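Please look through the sequence and the structure shown here, and then follow the paragraphs below from the overall division of the chain to the ligand and the backbone.

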Amino acid sequence: MRFTFVTLFRPLMEGYFEDSILKRAIGKGLLSVDFLNPREFTADKHRKVDDTAAGGGAGMVMMAQPLDDAMKHLRSESPQVHIVFTTPVGKPFRQSDAKRLASQKRHVAFVSGRYEGIDERVIELWADEVFSIGDYILTGGELPSLVMADAIGRLVPGVLGNAESLETESFESYLLEAPSFTRPKSFHNLSIPSEFLKGNHSKINALKKRLALAKTKYFRPERYLKFTQRESDEKSIY
Ligand code: SAH
């Protein structure tokens, strides 16, 4: 899997790949990461990438031309690239999108807006998909791009040491994952549920399911409701 980040602020992003799981995946040749700066494609001698908003209003907008030329460059170098634009008004990014992109695409590019956003015509011309990572406004698309790349990257086969851990994760079904514990058995007078320590796997699974139900009902009542309505066709993860 190759990720290209189209951004004016590469230094904000590259550190994320310099440690831990994604660094290891790059070392193993499972992932590769590169950057494209729209500023390198400006036709203007001052290397301007933003301009005032048409129709007025506060703030600057990322101009169409530099981004359009950056996209042309990207597409000609990699015809199969899947181009994702980030915007708070996009479709909410979900685990199912991460799975689909990890299994179906070999090269995904993420375009980060800044300021008030990107001239809509560039999105219209180039986006294969447009995603939001949630209902809040960030200063730029760099974090959303990293969020999506991380969610996709860890699903690429071989990136996580233990692929089994993917199967019981939250969002694999309407139920959230049961809480996890590790040693010591007692911490600040709080103990691990005793069933977890006894080694009877069917009892442990039954308890995990009860805990997962309680947690889902408490934190995500809308998912709990869907689970109870759909339980018969849901694959059971416990
Ligand atoms: N004025 C815009 C917000 C622009 S935020 C509006 O009100 O809709 C500037 C850039 O940050 C966007 O172009 C996008 O790339 C990124 N961004 C901000 N919040 C985001 C979110 N929740 N999801 C995805 N991208 C986001």
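The protein is divided into domain 1 (2-153) and domain 2 (170-237), with bounds that come from an automatic or database domain assignment, and the centres of domain 1 and domain 2, taken over C-alpha atoms, are separated by 36 Å. This is a predicted model, in which local features need pLDDT of at least 70 and side-chain atom pairs count only at pLDDT 80 or more, whereas totals for chains, interfaces and linings use all residues. Residues are numbered from 1 along each chain as its sequence is written, and side-chain values use heavy atoms, with hydrogens and water left out.

The ligand has 17 residues around it, of which T86, G113, E116, G134 and Y136 come nearest; a residue is counted as near if one of its heavy atoms lies within 4 Å of the molecule. By residue type, this shell divides into eight nonpolar, eight polar and one charged, where Ala, Val, Leu, Ile, Met, Phe, Trp, Tyr, Cys and Pro count as nonpolar, Asp, Glu, Lys and Arg as charged, and the others, Gly among them, as polar. In terms of secondary structure, β5 (82-92) and β7 (129-132) each supply at least two residues of the shell, and the largest share, three residues, comes from β5; helices (H or I, at least four residues) and strands (E, at least two) are DSSP runs numbered from the N terminus.

An N or O atom in the side chain of T86 is 2.8 Å from an oxygen atom of the ligand, while a backbone N or O atom of T87 lies 3.4 Å from a ligand nitrogen atom, and a polar backbone atom of G134 is 3.0 Å from a nitrogen atom of the ligand. Taken alone the ligand exposes 570 Å², and the protein buries 85% of that, with accessible areas taken from the Shrake-Rupley method with a 1.4 Å probe.

Two features of the backbone remain. Most residues other than glycine have a negative phi, and most peptide bonds are trans. R47, in the loop between β2 (32-36) and β3 (50-52), has a positive phi, near 60°. A cis peptide bond with omega of about 0° joins R183 and P184, and P184 has its place in the loop between α6 (142-153) and β8 (186-187).

How values were computed: Polar contact = N/O pair within 3.5 Å; in protein donor to acceptor, adjacent residues only side chain to side chain.
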